[in-house]
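Let's take a walk through this structure together, from its chains and domains down to a few single residues. Keep the 3D view open as you read.

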Amino acid sequence: MSNIDLNKIWNYTTANESKDHILLKEKYDLFINGKFVKSNSRKYFNSVNPATDEIIAKISEANKEDIDLAVKAANSAFKSWSKLKAKERAKYIFRIARMIQERAKEFAVIESMDGGKPIRESRDIDIPLAANHFFYYAGWADKLEYAFPNTSLEPIGVAGQIIPWNFPLLMAAWKIAPAIACGNTVVLKPAETTSLTALKLAEIIQESGLPKGVVNIVTGGGKTGSEIVNHPNIDKIAFTGSTKVGKLIKRSIAGTHKKLTLELGGKGANIIFADAAIDQAVEGIINAIFFNQGHVCCAGSRLFVQESISEIVIEKLKERMSSLIIGDPLDKNTDIGAINSKEQLATIKKYINIGMEEGGEIYQKKCIISETGNWCPPTLFLNVSQSHTIVQEEIFGPVLAIQTFRTIDEVIEKANNTPYGLSAGVWTEKGSKIFKLTKELNAGVVWANTYNKFDPTSPFGGVKESGIGREGGLHGLKAYLKFK
Amino acid sequence: MSFPNLLTVPKIDKIGVEERVNRFCKRSIKNSSKTHGLHLALSMIDLTTLDGKDTPENVKRMCYKANHLHDSLQGIPKVAAVCVYPTMVKYAKNELKGTKIKVASVATGFPSGQSSLDVKLSDTKFAVNEGADEIDMVISRGKFLAGEYNFVFDEIASIKEVCGKAHLKVILETGELDTLDNVRKASEIAIYAGADFIKTSTGKINPASTMPVTYVMLNAIKDYYKKTGIKIGMKPAGGISSAKIALQYLVMLNETLGHEWMNKDLFRFGASSLANDVLMQLQRQESGYYESIDYFSKD
């Protein structure tokens with residue numbers, strides 16, 4: 001054995017997750033009525049690996065006729081699916097959950113290849129949580145009358161579901177599981193840049209023997225989405241994505257019978273008090289903003305630090321950033337992966353430029369950025385105020401805007417001073433302060449001494465321009481039931 | 001040497017600490033990183049025997065092992081030190097003459113520390129006179145839990161004085177301190193009272209060293225370094241029985257205190273059975289297969 005110079009810096013060699021076990025087709029068609037069918041448009045678009053710019057598959061683009069077929073299939077499946085004994089529905093959902101677990105590794109690798117998120121996150125968070133959502137709602141299927149006692153309830157009909165690119169499989173699970181548990185049928189469209197895991201889920205659904213037409217998965221961009229939103233035989237729209245598109249959807253279905261849930265943007269306030277456990281709070285701030293490259297609607301993108309500890313917190317933040325590993329999403333040691341698309345990278349860069357032009361003091365982690373793929377170093381902005389654009393608007397990237405505050409009332413006022421109201425975080429060791437803030441912060445989710453925690457049993461959703469309705473938990477069932 | 005301001009000692013959130021520690025454990029250490037890490041781990045071991053039944057003979061055998069870990073493996077480092085009771089110091093010293101391996105001695109009424117200051121001082125002086133290079137003292141946990149922080153501080157400071165040139169490691173016995181907040185507080189007291197190293201455990205109490213406890217102590221060291229520029233060492237002891245766990249501790253050290261602490265002058269593992277597992281892993285790194293544990297000598 002050769003001598004090792006123990007004075008040399010200890011580096012972690014790459015530890016790539018193997019891609020050998022995954023099965024990807026070259027081309028993916030639409031999943032309608034239990035079968036994969038070619039689209040009437042005959043058009044395909046590319047699904048690109050954002051870390052390498054390689055094309056990993058071609059995805060079919062659904063047009064109006066395809067959506068019509070999918071809705072027809074869903075409508076006809078609804079007749080029997082909604083009448084099926086609830087415990088039988090539960091069995092199918094339970095089976096889907098089990099099959100996701102069995103193929104978790106394959107899903108995790110594809111999720112990271114297609115979306116750019118680190119394998120650690122897709123392996124430990126996205127995929128297990130997706131399976132858990134199916135398990136959780138499988139459990140509710142035959143207990144709905146106990147969930148909402150003294151009511152008479154029935155499913156709504158066909159749900160048109162449009163999901164974002166930040167948690168592709170997980171969002172599909174959030175949407176499909178409660179919908180079919182309540183006896184609805186589904187037409188789901190994944191985001192254009194991340195269709196693959198939804199299509200792999202379609203394969204599982206096919207294998208599971210779920211009656212044909214109960215879940216239909218159609219792919220495409222914004223135009224395909226608007227065909228779903230505007231289809232007359234859809235009874236409910238569930239959308240997760242930007243506030244801009246959410247507003248458009250709300251406008252276009254106004255006056256129709258369609259029910260609506262929206263889970264939109266956010267500009268989460270993460271508030272750290274002088275009496276917080278500082279090292280753990282710093283870790284929480286890092287996870288709040290850099291989790292999934294900041295592509296998280298509830299990301300803690302506005303940090304409020306109490307003035308007396310601002311210096312030490314910022315120093316510790318910078319230091320912690322130095323040990324983050326940015327790179328190949330498939331490397332098990334990667335903390336921060338690739339930005340999901342060129343388009344999103346351009347948006348983030350635009351905001352970083354605006355931040356600098358408006359006089360914000362920028363701090364970025366030094367890292368080697370590869371020529372191919374989409375990369376953005378973790379970024380802090382100091383010396384900004386509520387009046388700065390980067391404090392007001394959702395960036396959806398690894399960019400944290402830091403402000404200081406003096407008193408509790410001041411920070412509550414500032415935290416609520418945003419059109420959004422999705423999430424917030426409070427860091428203090430004092431229990432009474434936690435209760436005061438959770439009560440007064442106007443946000444759908446408030447975390448205390450933690451951040452970005454998700455669980456199928458816990459409802460999630462926003463107030464103000466962050467959305468309507470809740471997903472997850474008991475609340476998540478409501479959106480898919482008619483109460484008489 | 002001044003008493004630390006305990007009012008400004010950062011609070012510790014246990015759940016947050018455990019989450020951070022889990023992240024360290026998820027690092028994947030392979031190939032050349034693994035070999036490098038294993039070499040580091042080996043070089044940081046304080047090979048330990050602390051039993052009532054210790055005799056000069058078994059101490060001598062352990063010292064021989066310290067100097068000849070596994071002669072068929074070329075180019076591996078030696079352990080940092082051996083750790084014994086005061087009465088065994090002279091035998092260890094004699095056996096390790098001419099090597100760079102240090103002799104550490106526990107002292108101050110180890111492991112309970114329930115002795116008078118006079119006894120503790122003479123216990124320490126005896127070990128130093130016998131030739132101990134390092135003293136591993138225990139703090140008075142009873143006094144600490146009773147809130148007599150000044151007593152604990154003064155005791156450490158007095159022991160430090162009689163250590164002379166010997167390095168002082170202060171054992172907090174975190175398994176008896178109940179909370180991570182107490183671990184942090186005790187770390188501050190030990191560091192400000194003159195510890196060269198802070199150490200988790202005696203190995204006689206369950207739990208001994210854990211990663212969360214060590215993480216809290218590493219942060220105390222980091223904050224002290226930021227304030228004063230002085231580097232304090234860290235020694236987790238007990239419970240680190242496999243190479244895998246040792247590598248996880250090294251990841252934690254690497255990502256908390258960084259490269260400057262990645263050496264035996266500032267980090268030690270107190271362990272009795274770790275060395276053989278590290279050797280077995282190193283053997284596998286070289287040959288590609290595991291050898292039977294029976295090929296690794298137990299001394």
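This is a predicted model: local features need pLDDT of at least 70, side-chain atom pairs count only at pLDDT 80 or more; totals for chains, interfaces and linings use all residues.

Helices here are DSSP runs of H or I with at least four residues, strands are runs of E with at least two, and both are numbered from the N terminus. Phe396(A) is not a glycine, yet its phi is positive, about 60°. Is Phe396(A) buried or exposed? Phe396(A) counts as buried because 25 other C-beta atoms lie within 10 Å, and the cut-off for a buried residue is 20 or more.

Asn452(A), in the loop between strand 18 and strand 19 (467–468) of chain A, has a positive phi near 50° without being a glycine. Asn452(A) is buried too, with 20 other C-beta atoms within 10 Å.

Now step back to the sheet in chain A. Seven strands make up an open sheet with mixed pairing, in the order 14-15-16-13-12-17-18. Its edges are strand 14 (361–364) and strand 18 (445–448) of chain A, each of which pairs on one side only. On average, neighbouring strands are turned by 20° against each other, direction ignored. One bridge pairs Gln364(A) with Thr379(A) of strand 15.

Which helices pack on this sheet? Helix 12 (342–357) of chain A does, touching strands 14, 15 and 16 (399–405) of chain A, and its direction makes about 35° with that of strand 16. Helix 15 (431–440) of chain A also packs on the sheet, where it touches strand 12 (269–272), strand 17 (423–427) and strand 18 of chain A; its direction makes about 165° with that of strand 18.

Next, see how chain A is divided. The domain assignment gives domain 1 (27–264 + 464–483) and domain 2 (269–448), and their C-alpha centres lie 30 Å apart. Across the boundary, 21 residues of domain 1 are in contact with 26 residues of domain 2. On the domain 1 side, helix 3 (104–115) and helix 4 (119–140) of chain A each give two or more residues, with helix 3 providing the largest share, four residues. That side divides into seven nonpolar, seven polar and seven charged residues.

Chain A also meets chain B: 34 residues of chain B are in contact with 24 residues of chain A. On the chain B side, helix 2 (31–43) of chain B gives the most, nine residues. This side has 10 nonpolar, 16 polar and eight charged residues.

Finally, look inside. The largest nonpolar core has 158 residues, and Ala41(B), Val82(B), Ala190(B) and Ala246(B) have the most contacts inside it. Helix 10 of chain B gives the most to this core, with nine residues. Val82(B) touches residues including Leu47(B), Met62(B) and Ile101(B). Another core, of 85 residues, lies apart from it and includes Ala70(A) and Tyr136(A).

Before you leave chain B, find the cis peptide bond from Phe110(B) to Pro111(B), with omega near 0°. Another cis peptide bond joins Asn206(B) and Pro207(B), with omega about -5°.

Conventions
Residues are numbered from 1 along each chain as its sequence is written. Chains are lettered from A and ligands numbered from 1 in the order in which they are written. Two residues are in contact if their C-beta atoms, placed from the backbone, lie within 7 Å. Ala, Val, Leu, Ile, Met, Phe, Trp, Tyr, Cys and Pro count as nonpolar, Asp, Glu, Lys and Arg as charged, and the others, Gly among them, as polar. Domain bounds come from an automatic or database domain assignment. A nonpolar core is a set of buried Ala, Val, Leu, Ile, Met, Phe, Trp, Tyr and Cys residues joined through C-beta atoms within 7 Å. A residue is buried if 20 or more other C-beta atoms lie within 10 Å of its own, exposed if 12 or fewer, and partly exposed in between; C-beta atoms are placed from the backbone. Two strands pair if DSSP finds at least two bridges between them. Axes are lines fitted to C-alpha atoms, for helices over the stretch in contact, and angles run from 0 to 180 degrees between N-to-C directions. Lists of a residue's contacts leave out its neighbours within four places in sequence.
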